[in-house]
Amino acid sequence: GATWKKVQVPGHKGFVLGIYDVAVQGKVGWAIGDSGLLLRTTDGGESWQLVELPIKLAGNWFRGIGLTPSTNGIIVGSEGLILNTQGDQYKERAGS
């Protein structure tokens, strides 16, 4: 990003969670953080949506994300967790 601006992002009520990594490719992007914080944008970062996770993923700390130009990517987290992204969708990688 050549320029950045502060935007309001959704979160879990009563919690302040850290964001560890942000990746945006075109209009699609992800922001990840502690305690299962997973945010998604489909408008290049103008707005963000909180992604509700299944309870088994909600306690994981996401540590890094990488996206390809086609917006496919990988999110890595604690305890060997790996999520694959395709556009604005994610799925848990088998065996992670």
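I started with Ile32, which has its place in strand E2. The model is predicted, so I kept in mind that local features need pLDDT of at least 70. I looked up accessibility next: Ile32 is buried, with a relative accessible area of 0%. I also checked its distance to Tyr20.

**Entry: the rest of E2**

Is E2 enclosed or open to the outside? I went through the strand residue by residue. Six of the six residues of E2 are buried, so the strand is largely enclosed by the rest of the structure. I then sorted them by side. Val28, Trp30 and Ile32 are on one side, and Gly29, Ala31 and Gly33 are on the other. Both faces are covered.

**Entry: the sheet**

I traced the strand order. Four strands form an open sheet, in the order E1-E2-E3-E4, with antiparallel pairing. Which strands stand at the edges? They are E1 and strand E4 (49-50). Each has a single partner strand, so one side of each is left without a neighbour in the sheet. As background, strands of a sheet pair through backbone hydrogen bonds, either parallel or antiparallel.

I took the pairs in turn.

- E1 and strand E2 (residues 28-33) run antiparallel and are joined by six bridges. I noted one partner pair here: Ala23 is bridged to Trp30 in E2.
- E2 and E3 are joined by four bridges, again antiparallel. Ala31 stands opposite Leu39 in E3.
- E3 and E4 are joined by two bridges and run antiparallel. Arg40 has Gln49 in E4 as its bridge partner.

I checked the side chains of E3 as well. Leu38 and Arg40 point one way from the strand, and Leu39 and Thr41 point the other way. All of these are buried. I made a note of Arg40 in particular, a buried residue with a bridge partner in E4.

**Entry: turns and positive phi**

I looked at the hairpins next. The hairpin of E1 and E2 has two residues between the strands. Gly26 there takes a positive phi near 65 degrees. E2 and E3 also form a hairpin, with four residues between them. Ser35 is in that turn, and its phi is positive too, about 50 degrees.

Why did I flag Ser35? Most residues other than glycine have a negative phi. Ser35 is a residue other than glycine, and its phi is positive. It is found in the loop between E2 and strand E3 (38-41). At 30% relative accessibility, Ser35 counts as partly exposed.

Glu79 lies in the loop between strand E6 (72-77) and strand E7 (82-86). Is Glu79 buried or exposed? At 80% relative accessibility, it counts as exposed.

**Entry: rings around Tyr20**

I went back to Tyr20 and looked for aromatic pairs. The count comes to one. The rings of Tyr20 and Trp61 have their centres 6.3 Å apart and their planes at 25 degrees, so the pair is stacked. The cut-off for stacking is under 30 degrees. Where do the two residues lie? Tyr20 is in strand E1 (residues 19-25), and Trp61 is in the loop between helix H1 (55-58) and strand E5 (62-67). The pair therefore ties together parts that are 41 residues apart in sequence.

I checked the accessibility of both. Tyr20 counts as partly exposed, at 36% relative accessibility. Trp61 is also partly exposed, with a relative accessible area of 33%.

Tyr20 has a charged contact too. The charged end of Arg63 sits over its ring, 4.7 Å from the ring centre.

**Entry: the largest pocket**

I finished with the largest pocket. About 460 Å³ of space lies in it. How many residues line the largest pocket? I found 17. Trp4, Lys5, Val22, Gly45 and Trp48 lie nearest its centre. E1 gives the largest share of the lining, four residues. I noted E1 again here, as an edge strand of the sheet and the strand that holds Tyr20.

Notes
Residues numbered from 1 in each chain as written. Heavy atoms only, no water. Phe/Tyr/Trp six-rings, centres within 6.5 Å; stacked < 30°, edge-to-face > 60°. Buried < 20%, exposed > 50% of the residue type's maximum accessible area, 1.4 Å probe, protein only. Lys NZ or Arg CZ within 6 Å of the ring centre and 35° of its normal. Pairing = 2+ DSSP bridges. 1 Å grid on protein atoms, 1.4 Å probe; cavity = no way out; pocket = protein on both sides within 12 Å on 5 of 7 lines; lining within 4 Å. Points joined across faces, edges and corners; volume = space filled by probe spheres on them.
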